[in-house]
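Subject: Structure handover

Hello,

Here is the structure we spoke about, for you to look over. My notes come after it.

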Amino acid sequence: MTTPYQQQSQAPVPPQSPPQGPPQAAPPMPPQAPHQTAPHQTNPYQAAPRHHAPHHSAPHHHTQPPQPQPHQPHQQMPSGPPSQPYAGVGPYTSPIPVRRTSLGNALASEWTKIKSVRSTIWTLSVMVALVIGIGLLVAATTADSDYDTVPTTLPGFFGTLLGQLCVVTLGVLVITSEYSTGMIRTTLTACPQRSRVLTAKALVFFTLSFTITTVALVLVAYASMGMHSGPAVAEPTGDQILGATVGAGLYVSLLGLLSLAVGAILRHSAGAITTMLGVVLLPSILPAFLMMSDSLRDLGSKMLEYSSPQSLASLFQIDDGLNNGWPQLSVLAGITAAAMIAAYALLEKRDV
């Protein structure tokens, strides 16, 4: 008779008596090397497991304890800037060349802005049309006998009276237009030196207005001198030609520079233009009321002498009793310098 133990072992064994007591646990397995599978052994006294494991069991990975690392000396980074910095270490070098800015850069910027806006083209074009158009019209409609006591450069005076208003308007818009659009923030961010910005605006505008006004007056003066020449005509002197061209151009340009300073102070186009119209027109209107009083007559006469129309008439030397206009020009230069100093101080003090 065959026992179940003999059928499981597949080998004939002699009959043995069943063991007394509970089955003994299997002896512990000796430690195996990593990545090795223990050989399969059959214990006849141990019941078969409920779930059969696969024929090839997965290898057991035994973790090794961490080995101590040898001590390495501390490495220090070089104190000075390395000739070849490590990747990701060291100062950033911009591919764009960086150089220190100067007043020349601000002048180039302001020249680009003033020539690219339509207000500059329109106001200067209207000014040139008034000075040249009215001057040539007056020169063409007058006879030679009309210049027996006045110089032949007189026709330029009438066009300059109206053309100066265009320069005044442009001087205000040069700076107040940036305040109205908010571009003054971009300008002062690109050039934090605010005094440099105002200096560049003043130089560019003054040079442009003086050049164009003087060139227009020179064309009118020499055209009128060519139309009226003869024994009955009083030839203009060098001082008269200088006053009718360079002097009048300088007066109009200083008036425009005063407008720029007023615009920088007020920062509003309408308010600055209205203020400058009062500066130009009121000295010509108020003396008529001031001279009605005996106590204010001297003030009225002095105000009339230094008004804009009277100053231009002195520069053109229309009347022999008038001076050559250079005292009026000096007073206007002093007033303009004081207004520019106030504009510089307020631009540095106030926020945009």
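Predicted model: local features only at pLDDT ≥ 70, side-chain atom pairs only at ≥ 80, totals over all residues.

Helix pair

Helix α7 spans residues 238-266 and helix α11 spans residues 326-349; their axes come within 9 Å and cross at roughly 20 degrees. An angle under 35 degrees counts as roughly parallel, and α7 and α11 are therefore roughly parallel to each other. The crossing of α7 past α11 is left-handed.

On the α7 side, the residues that meet α11 include D239, L242, Y251, L254, L258 and I265. Their partners in α11 include W326, Q328, L332, T336, M340 and L346. Sorted by residue class, the contact of α7 with α11 has 20 nonpolar residues, three polar and one charged.

Cysteines

The number of disulfides comes to zero, with sulfur atoms within 2.5 Å as the criterion. C166 has a relative accessible area of 14% and C191 has 13% relative accessibility. The cut-off for buried is under 20%, so C166 is buried and C191 counts as buried.

Loop residue M291

M291 lies in the loop between α8 (269-290) and α9 (297-305). Its relative accessibility is 29%, so M291 counts as partly exposed. Leaving aside residues up to four places away in sequence, M291 touches R297, G300, S301 and L304. For one of these, S301, the C-alpha atom is separated from that of M291 by 7.2 Å, the two residues being ten apart along the chain.

Regards

Methods:
Residues numbered from 1 in each chain as written. Heavy atoms only, no water. Axes fitted to C-alpha atoms, helices over the stretch in contact; angles between N-to-C directions. Helix = DSSP H or I, 4+ residues; strand = E, 2+ residues; numbered from the N terminus. Parallel < 35°, antiparallel > 145°, perpendicular 65-115°, else oblique. Left-handed = near helix turned anticlockwise from the far one by under 90°. Contact = heavy atoms within 4.5 Å. Nonpolar A, V, L, I, M, F, W, Y, C, P; charged D, E, K, R; others polar. Buried < 20%, exposed > 50% of the residue type's maximum accessible area, 1.4 Å probe, protein only.
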